[in-house]
Amino acid sequence: MVEPCDLVLDGGELAEDAVHSGFTKSGAVLVAAATIMAVVFAGFATSEMAVAASIAVGLLVGVLADAFLVRMMIMPALLSLCGEAAWWMPRWMQKIIPNLDTEGHGLDRATERQRGTGSISVAAQ
């Protein structure tokens with residue numbers, strides 16, 4: 001069996017490194033977004049309308065719990081504990097789910113592969 005720290009993901013990084021880099025890259029954005037939403041909901045919570053204030057308090061608590069408890073504590077801990085199982089997917093599901101390359105890393109890898117083999121074709125002008 002492969003140890004969790006031995007799993008190499010598609011980008012070439014280990015499973016534990018993926019959790020760490022994902023947390024460090026998205027942590028500041030998560031805190032900023034949660035803070036903005038919390039301030040907005042706190043503003044509505046001071047409303048004189050009882051229904052709006054109670055809904056705003058519920059949303060305020062929910063946003064803070066989701067951002068700081070779930071996304072910054074529970075999920076990184078579970079991903080670290082699960083190791084390779086966190087990124088496992090059955091083969092039949094891999095065929096069904098499309099590979100969305102939203103950041104363009106697949107194009108970079110394809111370009112690097114073509115440069116390495118020297119098979120870049122230039123269109124006739």
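## Salt bridge

Across the whole structure, a search turns up 1 salt bridge, a term used here for a side-chain nitrogen of Lys or Arg within 4 Å of a carboxyl oxygen of Asp or Glu. This is a predicted model, in which local features need pLDDT of at least 70, side-chain atom pairs count only at pLDDT 80 or more, and totals for chains, interfaces and linings use all residues. Residues are numbered from 1 along each chain as its sequence is written, and side-chain values use heavy atoms, with hydrogens and water left out.

The partners are Asp66 and Arg71, whose side chains meet at 2.8 Å, N to O. Side chains of opposite charge can pair when their charged atoms come close. Asp66 has 30% relative accessibility and so counts as partly exposed; Arg71, at 47%, is also partly exposed. For these labels, buried means under 20% relative accessible area, exposed means over 50%, and partly exposed lies in between (1.4 Å probe, protein chains only).

## Helix α1

Now to the helices, which are DSSP runs of H or I with at least four residues, numbered from the N terminus. Helix α1 spans residues 15-45 and bends by about 45° at Ser26. The bend at a residue is the angle between axes fitted to the seven residues ending there and the seven starting there.

The buried residues of α1 are Ala15, Ala18, Val19, Ser21, Gly27, Ala34, Ala38 and Phe41. These buried residues pack against α2, with contact meaning heavy atoms within 4.5 Å.

## Helix α2

Helix α2 covers residues 50-82, and its bend of about 40° is at Val70. Buried positions in α2 are Ala53, Ala56, Leu60, Val63, Ala67, Met72 and Pro76, and the buried residues of this helix pack against α1. Just past the end of α2, Gly83 adopts a positive phi of about 60°.

Met75 also belongs to α2.

## The nonpolar core and Phe41

Which residues make up the largest nonpolar core? There are 6 of them: Ala34, Ala38, Phe41, Leu60, Val63 and Ala67. The elements giving two or more residues to this core are α1 and α2. A nonpolar core is a set of buried Ala, Val, Leu, Ile, Met, Phe, Trp, Tyr and Cys residues joined through side-chain atoms within 4.5 Å.

Phe41 deserves a visit of its own. This residue sits in helix α1 and counts as buried because its relative accessibility is 16%. Setting aside residues up to four places away in sequence, Phe41 touches Ala56, Leu59, Leu60 and Val63. Phe41 and Gly58 lie 17 residues apart in sequence, with 8.9 Å from C-alpha to C-alpha.
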